[in-house]
Amino acid sequence: MSDILIRPEAPDDDATISHLVSNAFGPGAYARAAFRVREQAPHDPALSFVIDLDGELAASVRLTPIVIGPCEGRLLGPLVVDPPLKSRGYGKALVRHALAEAGALGVRYVLLVGDPPYYGPLGFAPVPPGRVKMPGPCDPRRLLVAELEQGIVASLAGVVAGRP
Ligand SMILES: CC(C)(COP(=O)(O)OP(=O)(O)OC[C@H]1O[C@@H](n2cnc3c(N)ncnc32)[C@H](O)[C@@H]1OP(=O)(O)O)[C@@H](O)C(=O)NCCC(=O)NCCS
């Protein structure tokens, strides 16, 4: 992969990101449990990034502040890549960047709902069964967490809520 520009999301990116997200997830997007959490709290501008190819937005990732019980963290998503630009490593590069920046800011864990084969090699593992619930339908096998503070997963229990 050649050098790419990953930069923080800017307010002007919002319309393009919304377009990419509704194209990728379709009309069912807003029924997803992760979207319900994101309705409760805005995404964190300090931890939301885009890939910018000479002024064209190629990919986006957003992190939203959450709590599980008393334990604060971030929910990752949506992650979306402009379809003609898939499989160039942009998705993985954005996730790695977001995790590194989150760790640098002292975030203790990052949760997401996604495909284990994609996110596993990026540091995500299934949440131990029965301890953490999304506020809507969610296949528990797809509820994944990256520990940025070692051992933090043991203290996660409860329903995921956006932290406004
Ligand atoms: C999923 C998505 C973000 C991946 O972005 P990308 O930039 O194309 O992915 P990367 O280039 O980083 O990685 C590509 C590799 O991941 C694999 N991959 C892509 N989606 C995958 C998935 N859902 N499960 C497992 N592997 C997947 C590809 O087959 C490819 O494998 P290869 O490197 O062996 O060829 C992108 O396809 C997308 O925007 N999809 C629609 C929205 C979406 O589903 N977002 C994720 C929500 S969980």
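**Chatting through the model**

Mentor: Let's start with threonine 16, which has its place in helix 1. Helices here are DSSP runs (H or I, at least four residues; strands are E, at least two), numbered from the N terminus. Keep in mind that this is a predicted model: local features need pLDDT of at least 70, side-chain atom pairs count only at pLDDT 80 or more, and totals for chains, interfaces and linings use all residues. Residues are numbered from 1 along each chain as its sequence is written, and side-chain values use heavy atoms, with hydrogens and water left out.

Trainee: OK, why does threonine 16 count as partly exposed?
Mentor: Because its relative accessible area is 36%, and partly exposed is the range between buried (under 20%) and exposed (over 50%), using a 1.4 Å probe and protein chains only.

Trainee: New topic: how many aromatic pairs does a search of the whole structure find?
Mentor: Three. Rings of Phe, Tyr and Trp (its six-membered ring) pair if their centres lie within 6.5 Å; planes under 30 degrees apart are stacked, over 60 edge-to-face, and the rest tilted. One of the pairs is phenylalanine 25 with phenylalanine 35, edge-to-face at 6.1 Å centre to centre and 70 degrees between the planes.

Trainee: Which helices does that pair link?
Mentor: Phenylalanine 25 is in helix 1 (residues 14–25) and phenylalanine 35 is in helix 2 (residues 33–40), ten residues apart.

Trainee: And is phenylalanine 35 buried or exposed?
Mentor: Buried, because its relative accessibility is 10%. Phenylalanine 25, at 25%, counts as partly exposed.

Trainee: What sits over the ring of phenylalanine 35?
Mentor: The charged end of arginine 38, 4.3 Å from the ring centre. That label needs NZ of Lys or CZ of Arg within 6 Å of the ring centre and within 35 degrees of the ring normal.

Trainee: Switching to the ligand, how many residues surround it?
Mentor: 18, and the closest are Val81, Ser87, Gly89, Gly91 and Asp115. To be near, a residue needs a heavy atom within 4 Å.

Trainee: What is the backbone of valine 81 doing there?
Mentor: One of its polar backbone atoms is 2.8 Å from an oxygen atom of the ligand. Serine 87 also has a polar backbone atom 2.8 Å from a ligand oxygen.

Methods: Polar contact = N/O pair within 3.5 Å; in protein donor to acceptor, adjacent residues only side chain to side chain.
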